[in-house]
Amino acid sequence: PKDMVEQVWLNQIDIHMRKSEMIKCVYMYCVNFSVQLLKYVPTPEEVEALDAHKMELGKFAVSDRFLFEMSQIPHYNQRLECLFFKKTFADRMNEVRPKVEAVLYASREVMISRKLRKMLEVVLAFGNYMNKGKRGNAYGFKLSSLNNMIDTKSSADRNVTLLHYLVETLEKK
């Protein structure tokens, strides 16, 4: 009896594994099949030509009949694209999720970083000091203007940039 119970149990596992493999195959078949069908969606010109000869439907070749039947389905192309999107959505989400989470984490860190806020305040102070009289006291700046810090050179030593000076100043604090 023990061997018989084990055999029934092993058969159930085997059946379950076959089902899961079958589900994977059906899923992959559905995705691949929808991709193949999308390649053969009839163009408007083909639909027009098929409609012009629909009275001779019995004389159509199998491929022409197939195209004709596809052309009769409302929004056929959109439906196939929707099916393909639905079947590949989970995989796409799993692929993108780590990147989105990394961006969200980095955004949160930027928002709460006191050191970054202090550094940006010093950059604004430098900019206001250097532009004194030209633009008045700015309340902020565009992040793209940070790129200009490497181009702004010292008049005393051309090898020292504003970025070097900023780093030196911040290290002192």
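**Salt bridges, a charged patch and a core**

User: Is Lys118 buried, exposed or partly exposed, and what is the relative accessible area?

Analyst: Lys118 is partly exposed, because its relative accessible area is 48%; buried means under 20% relative accessible area, exposed means over 50%, and partly exposed lies in between, with a 1.4 Å probe and protein chains only. This is a predicted model, where local features need pLDDT of at least 70 and side-chain atom pairs count only at pLDDT 80 or more, whereas totals for chains, interfaces and linings use all residues. Residues are numbered from 1 along each chain as its sequence is written, and side-chain values use heavy atoms, with hydrogens and water left out.

User: Which side chain does Lys118 meet in a salt bridge?

Analyst: Lys118 pairs with Glu121, at 3.5 Å from N to O, where a salt bridge is a side-chain nitrogen of Lys or Arg within 4 Å of a carboxyl oxygen of Asp or Glu. Both residues belong to helix α5 (residues 114-130), three residues apart, which is about one turn of the helix; helices are DSSP runs of H or I with at least four residues, numbered from the N terminus. Glu121 is partly exposed, because its relative accessibility is 42%.

User: OK, and how many salt bridges does that rule give?

Analyst: The count comes to two, and Glu69 with Arg65 also form a salt bridge, at 3.1 Å from N to O.

User: Switching topic: which residues form the negative surface patch?

Analyst: The patch is made of Glu45, Glu46, Glu48, Asp51 and Asp64; patch residues have over 30% relative accessible area and no salt bridge, with like charges joined within 9 Å and nonpolar side chains (Val, Leu, Ile, Met, Phe, Trp, Tyr) within 5 Å. Helix α2 (residues 44-52) provides the largest share, four residues. Glu46 lies in that helix, and counts as partly exposed because its relative accessibility is 35%.

User: And which residues make up the largest nonpolar core?

Analyst: The eight residues are Leu37, Leu50, Phe60, Leu67, Phe68, Met70, Tyr76 and Leu80, a core being a set of buried Ala, Val, Leu, Ile, Met, Phe, Trp, Tyr and Cys residues joined through side-chain atoms within 4.5 Å. Helices α3 and α4 (76-112) each supply at least two residues of this core.

User: Which helix gives the most to this core?

Analyst: That is α3, with three residues.

How values were computed:
Areas by Shrake-Rupley, 256 points an atom, 1.4 Å probe, with all protein chains shown as cover. Lys, Arg positive; Asp, Glu negative; His and termini not counted. Charge placed at Lys NZ, Arg CZ, Asp CG, Glu CD.
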